[in-house]
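Here is a short briefing on a protein structure. Keep the structure in view as you read, and find each part as it is named.

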Amino acid sequence: MRDAPVSLRDLERKARYLRRWVVELIYAAKSGHLGGSLSIMDMLAALYYGVIRVDPARPDWPGRDRFVLSKGHTAPALYAVLADKGFFSKEDLFDGYRRINSIFQGHPDFKKTPGLDMSAGSLGVGLSAACGMALGAARSGAGFLVYSIVGDGETNEGEIWEAAMFAAHHRLDNLTVMIDMNGMQNDGPTRDVMDMGDMSEKWRSFGWSVRDVDGHSLADIQAALRDASASRGRPGVLICRTIKGKGVSFMENNIHFHGAVPTRQEYEAAMRELS
Amino acid sequence: MSSSFRDAVCDALIASASDNPSVMVLSPDVARALRLERFLERFPNQYVSVGISEANMVGSAAGLASVGYTPVIVGFSMFVAEKPFEQIRNVVAYPNLNVKIIATHSGLCVGQDGATHQATEDIAVMRMLPGFRVLAACDVPQTKALVSDMVRRTGPAYLRLGRDKAIPVYSEIGSVSERGADVLRDGDDVAVFTTGTMVPYVLEASAALEREGIHASVVNVFSIKPMDEDIVVSFARRCRCVVTAEDHFIAGGLGGAICEVLCARCPSPVERVGVRDTFGESGSQDDLYIKYGLTPSDVRDAAHRAISRRVGG
C-alpha cells in the first residue's frame with residue numbers, strides 16, 4: 001500500500017536523520033560505502049515515502065511494487081529506509097550490518113533481508129533483473145510497478161545498455177530508473193575514468209522517456225517519478241544530478257569517502273552537521 | 001522418430017508450457033537455429049526475445065523468476081553458461097532462483113564451428129555453483145525426460161546437450177530415476193562412468209570388451225550434480241577399477257567429480273577419457289573424436305589400462 005502523503009518538511013527531516021543512520025551504520029561496522037549511500041538518500045526517501053506501494057507487515061505481498069538497488073554497494077541507505085518503515089528494527093540493523101550470521105549483508109541479499117526484492121552487488125545485473133520483473137508484470141497483467149537506482153559509474157557496464165535496449169524493445173512503461181549522477185566512481189571523477197558524455201541523450205536515443213532532475217530536490221523527484229509512471233509505451237529514466245557524500249560538507253564531492261570509513265573525529269563532525 | 005537434440009528440446013518445451021503457464025522461454029537470437037519455431041507459434045506469450053545480449057538475458061530471467069515465472073533459457077552452451085557465468089553465479093545461483101538453462105552445442109561434438117563454440121569446460125564451471133543441478137542427456141528420450149523433470153522441480157538447473165544428431169540409447173523413459181544415474185550394462189571387470197554424447201560410444205566399447213571376455217559395467221551419470229555417490233562407490237568397489245568418459249575436459253568434469261568421490265570413499269585406479277587441457281578446432285564430430293581421443297577404441301584402451309592397474313590383478 002502507498003503511504004499517506006508526507007509533507008515536504010517531514011520528508012526533508014526524514015532524509016536528514018536517515019543520513020545520520022547511514023554514517024552511524026558504516027562507522028559502527030568499520031566498512032561500507034558512504035559517498036554513494038549519501039548521494040542516493042533523497043532519491044530513496046522520495047520513492048519510499050509517498051510513491052512506491054509496499055507493506056512492511058507483508059514484505060512478500062505479491063502485488064507490491066518492486067525496487068532493485070542496482071548499485072548494491074549503497075545498501076546502507078536502503079537498509080536505513082527499510083528500518084524506518086518498519087520492515088525490521090533499527091537495533092537489529094545496527095547489530096547486524098556486515099557482521100557474521102546477520103541478515104544484513106554488505107550488498108543486498110533478498111533471500112535474507114525483508115523488504116528487498118532482488119540481490120545485487122555485481123554492477124549492471126540489477127537493472128536486468130528489474131527488466132525481468134517489469135516484463136513479468138506486463139505479461140501477467142499483475143499491475144505492479146518496478147523501480148531501480150543505477151549509479152553513473154555503473155553505466156560503464158555493457159549490461160546496462162543491454163537492459164536499456166531490452167526495456168525499450170518490450171515497451172516496459174511500468175519500469176522507472178533513477179540514475180545517481182554524482183559524477184564520481186571508485187578511481188576518480190567519472191569524466192576521467194570513463195566519460196559517458198551526454199547521459200540524457202544516451203537514454204533518449206535508446207528509446208526511453210527521459211527527465212532531468214535535481215537529485216536532492218525531494219519535490220522534484222517525486223513529481224518526476226509520478227510523471228514517469230503515468231507515461232505510456234516507454235520505460236522512464238530520471239537523470240538525477242546529485243552530490244557524492246551529500247549532507248556532510250567535508251564528504252561532499254570527496255572521492256576518499258567512496259569507500260573510506262570515517263575516523264572518530266570525522267564521525268563526530270558528521271553527526272554534528274546532520275543533527 | 002526424431003533423432004535430433006534440437007527437436008527434442010522443442011517438443012519438451014511445448015509439453016512443459018502446455019502444463020505450466022509460468023514457463024517463459026528466453027533465447028539469445030538462436031531460436032531459429034535451435035528450431036524453436038513450433039514453440040513460438042503455439043506460445044508467443046511464453047517466449048521472450050532478448051537479442052544478442054546474454055548478460056541481460058540471465059539477469060532478466062532472475063527478475064522473472066523472482067515474480068513467479070519459471071524462466072527457461074535455451075541456447076548454445078558457450079553463450080548461455082560461460083559467457084554470462086558471473087550473472088548466473090550472482091543473481092541465479094546465489095539467491096537460488098528457479099531458472100533453468102538448456103545448453104545445446106556442448107563439447108567437441110559442435111564440430112565445424114570450431115573452438116570458440118565448443119564448450120569443453122561447462123560442467124566444471126556449472127558444478128561449482130551451490131544448489132545448481134547439473135544434468136546431461138545422451139539422446140532424444142533422455143532429453144525430453146530431463147527437460148520435463150527439470151521444469152517440474154524447483155531450483156536452478158543446467159542441462160547439457162549435444163549439437164544435433166543424437167544416437168539412440170533409450171527406447172523410452174517413463175520417469176527419471178531419482179538416483180541420477182542409470183546402469184546400462186552390468187559387469188564385474190571394470191566400471192565405466194559416462195555422460196551425454198559419449199554414452200553410445202561407451203556402449204559400443206563395452207560390446208567390444210565383451211567380445212574379448214571383459215565384462216564392463218556402464219553407468220550413465222546423467223545427474224553430475226547432485227551425484228549419486230553410493231552408486232559410484234558400489235561399482236568401484238565391485239570392479240576395483242574405473243574408467244570415466246565424457247566430451248569435456250578430463251579436469252573438472254565427470255571424471256574430476258568421480259575422482260573427488262573415490263579419493264574420499266574408495267581409492268581406486270581411474271582412467272579418464274576426455275579432452276586433455278587443449279582447445280578443439282573445426283572438423284566433423286567423428287574426426288574430432290578420433291583426434292582428441294573420444295572414440296570407442298579410446299574407451300576400450302582406457303579399460304585395459306585400468307584393469308592392469310587393479311590392485312591384486
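Chain A holds an open sheet of five strands, in the order 1-2-3-7-6, with parallel pairing. The edge strands are strand 1 (66–69) and strand 6 (209–214) of chain A, and each of them pairs on one side only. On average, neighbouring strands of this sheet are turned by 20° against each other, direction ignored. Bear in mind that this is a predicted model.

**The sheet of chain A, pair by pair**

- Start with strand 2 (residues 146–151) and strand 3 (residues 175–181) of chain A, which pair in the parallel sense over six bridges.
- Within strand 3 of chain A, the residue opposite A:Ser148 is A:Val177.
- Move on to strand 3 and strand 7 of chain A, which also pair in the parallel sense, over six bridges.
- Here A:Met178 has A:Leu238 of strand 7 of chain A as its bridge partner.
- Strand 6 and strand 7 of chain A run parallel too, joined by six bridges.
- A:Leu238 of strand 7 of chain A turns up again in this pairing, standing opposite A:Arg211.

- How many of the six residues of strand 7 of chain A are buried? Five of them are, and the strand is mostly covered.

**Two helices side by side in chain B**

- Two packed helices are described by the angle between their axes and the distance between the axes.
- For helix 3 (residues 54–66) and helix 5 (residues 85–93) of chain B, the angle is about 5° and the axes are 9 Å apart.
- Angles under 35 degrees count as roughly parallel, and helix 3 and helix 5 of chain B are therefore roughly parallel to each other.
- Helix 3 of chain B makes the contact through B:Ala55, B:Val58, B:Gly59 and B:Ala62.
- Helix 5 of chain B brings B:Gln87, B:Ile88, B:Val91 and B:Val92 to the contact.
- Six residues of this contact are nonpolar, two are polar and none is charged.

**The domains of chain B**

- Chain B is divided into domain 1 (5–160) and domain 2 (182–308).
- The centres of the two domains of chain B, taken over C-alpha atoms, are separated by 26 Å.
- In chain B, 31 residues of domain 1 are in contact with 34 residues of domain 2.

**Backbone spots to look up**

- Most residues other than glycine have a negative phi, and most peptide bonds are trans.
- A:Lys30 has a positive phi, near 60°, and is not a glycine.
- Find A:Lys30 in the loop between helix 1 (8–29) and helix 2 (34–39) of chain A.
- A:Asn101 is not a glycine either, and its phi is positive, at about 65°.
- The loop between helix 5 (90–96) and helix 6 (125–140) of chain A holds A:Asn101.
- Is A:Asn101 buried or exposed? A:Asn101 is exposed, with a relative accessible area of 78%.
- In chain B, the peptide bond from B:Lys225 to B:Pro226 is cis, with omega near -5°.
- B:Pro226 sits in the loop between strand 10 (223–225) and helix 9 (229–239) of chain B.

Notes
Residues numbered from 1 in each chain as written. Chains lettered and ligands numbered in written order. Predicted model: local features only at pLDDT ≥ 70, side-chain atom pairs only at ≥ 80, totals over all residues. Heavy atoms only, no water. Axes fitted to C-alpha atoms, helices over the stretch in contact; angles between N-to-C directions. Helix = DSSP H or I, 4+ residues; strand = E, 2+ residues; numbered from the N terminus. Parallel < 35°, antiparallel > 145°, perpendicular 65-115°, else oblique. Contact = heavy atoms within 4.5 Å. Nonpolar A, V, L, I, M, F, W, Y, C, P; charged D, E, K, R; others polar. Buried < 20%, exposed > 50% of the residue type's maximum accessible area, 1.4 Å probe, protein only. Pairing = 2+ DSSP bridges. Domains from an automatic or database assignment.
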